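Morning, everyone. Let me put the structure up, and we'll go through a helix pair and then a sheet.

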Amino acid sequence: MHSIRTDSQFFRDALERVGKADEMRVARSPIAVGGERPEIEQTGGKSSPLERQEVEPTRAIGRLVSLNGTEGVISCPLKVDEEEWSVGHLITIVHRTSRVIGTVCEVATDDGHWSESVGNTARVKIELNGEIIDDPNGAPFFHRGIRSFPSLGAQAHRIRADDLRAIYTFRSQQGVEIGRLSQNEDIPAEIDVDELIRRHFAVLGSTGVGKTTSVSLLLKRSLAAKPKLRIIIFDPHNEYAAHFPGLAQIIDSDSLELPFWMFRFDELSDVVFSGRQPHADERDALYEVIRIARGKYQAELSSSAGTSAVRRQSAADGNSVSADTPTPYRIIDVITVIEEWLGLLDQRFPRSDLRALRYRLEGLNRDPRYRFMFGRLVIEDDIAKVISKLFRIPTRGLPVTIVRLAGLPNEVTNSVVSVLARLAFEISFWCSGAYEINVLCEEAHRYISADNRQTFGPARLAIGRIAKEGRKYGASLGVVTQRPSELDPTVLSQCSTLFAMRLANELDKGIIRAAAGVSAASTIAFLSSIADREAIAFGEAIATPMRMKFADISARTEDLRGAASGGGDAHPIDLRKLSAQLRGEATA
């Protein structure tokens, strides 16, 4: 009996302990009796922001059942009458005074089957993005990274509109709207224009997804926010003019003026030899005749200006100039020098090379397709006029220059791009911040290919220099391509903001996945299926990686002419001084 009484007492004591444990669990449980418990955190008797926020029962979706450093799994009872949600949506997990943010990247039922008669439970895989913490006034603030992870059993909810807005907006400055979030069209997709332009950007996507209209929207928003910005667009398909009415100077094969003497030797050599690699004698001969012709023209200018005989002789010998010096010379003088060499008995260069060079230069000089380079009857030093027209100095209400490359001979396109990109960097450097120049390269893989053998060296170097050094001086780069895997990885890595539109090629998607990093891996998985004008945006100009849809600029007409002209340039540039600096005749 004694033992029986003892056992009975043992069970009574055990039952009391169980009852107390149940009471404690009820007190700690995130689900209050009869419905959802408010998200409460006790703070010494004072009400915290979380105490003032109630979780609507319709937002609760399940509980956390698995977690590692980057991903989690939620067990979610499915209800027929609940609001639709699926892959790509954001959810929050309540943890202490914060709400951990996750992106739904995979949804599956527990047993892989769907039942119409009994309830179904889903396992929802999420990718952790960051956390939201309310400030003392109750305003939500998003933080990248997670300081403290939730425990198993934590409640998961559909994200609130205020939290969603906090994730994709900037805290310290006003963002510029470029579209709407794909998840919630009531929330704007915003960018930091200063970071977008200063640190370069890239728009990547297959043909027909809306790259041109999206890029035009980005550039228009940038012009409205940055009065000092000038844009030069390399347009190989003549697509951009329609998007910049009243804002752009259109340069085509008929209106382009880019004298041959403004080309550096490597750039002109590519035109003369039609893109092939010349052998050493041909290259040396061309270099020497250009140097001598430049010196001859400079000597004539010095003579007419009354310069001393010693200086005129130095110029005539070509000792004061090189083949790269941007000073005028005449093609007829180049041909005359070649003919003089052909008449000599002792030849430095093979006669066959000299004759071929003479015939090629004569052909270029007469070819109407090259009249933008060789068509002038009178050679004069008008570099100031050329850069004024091409780079909008002064602006005269047209801050955009669209260079239509489609009408130019294929043999000269790379050289023209090289000259303009090089000048953009040099002008930005010498203007000391008075102008910012953005160079937009449409079909950029043509000029900055990953394969050195398929790219014109000077163009690659000129664009690469903007990418690496341009932000220090106000020169920036915009890259647009349908094949990011064929793009120079060094240049792409310098683009701090990327807009990835629909891509089907696995190599191209791999490039984007590597650039986005682990935190946006699930978002990048949608690249094959997103709609036209949709993009996955991430980088320095974006508050946090987002799936968004660009605004339809065809739906309304935006007139930026008043903002662009602004009644004149705030800091006019001295074109004469700038021209001298480009020749190396003056220093900053």
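Start with helix α12, residues 410-431, and helix α18, residues 575-582. This is a predicted model, so keep that in mind throughout. The two helices pack at an angle of about 120°. Their axes are 10 Å apart. Why call the pair oblique? Angles of 65 to 115 degrees count as roughly perpendicular, and those over 145 as roughly antiparallel. At about 120°, α12 and α18 are therefore oblique to each other. Their crossing is right-handed.

Which residues make the contact? From α12, look at E426, I427 and W430. From α18, look at L578, Q581 and L582.

Strands of a sheet pair through backbone hydrogen bonds, either parallel or antiparallel. Here we have an open sheet of 11 strands, with mixed pairing. Reading across, the order is β9-β8-β18-β17-β16-β10-β15-β14-β11-β13-β12.

Which strands stand at the edges? They are β9, at 188-191, and β12, at 248-251. Each has a single partner strand, so one side of each is left without a neighbour in the sheet. From one strand to the next, the twist averages 25°.

Key
Residues numbered from 1 in each chain as written. Predicted model: local features only at pLDDT ≥ 70, side-chain atom pairs only at ≥ 80, totals over all residues. Heavy atoms only, no water. Axes fitted to C-alpha atoms, helices over the stretch in contact; angles between N-to-C directions. Helix = DSSP H or I, 4+ residues; strand = E, 2+ residues; numbered from the N terminus. Parallel < 35°, antiparallel > 145°, perpendicular 65-115°, else oblique. Left-handed = near helix turned anticlockwise from the far one by under 90°. Contact = heavy atoms within 4.5 Å. Pairing = 2+ DSSP bridges.
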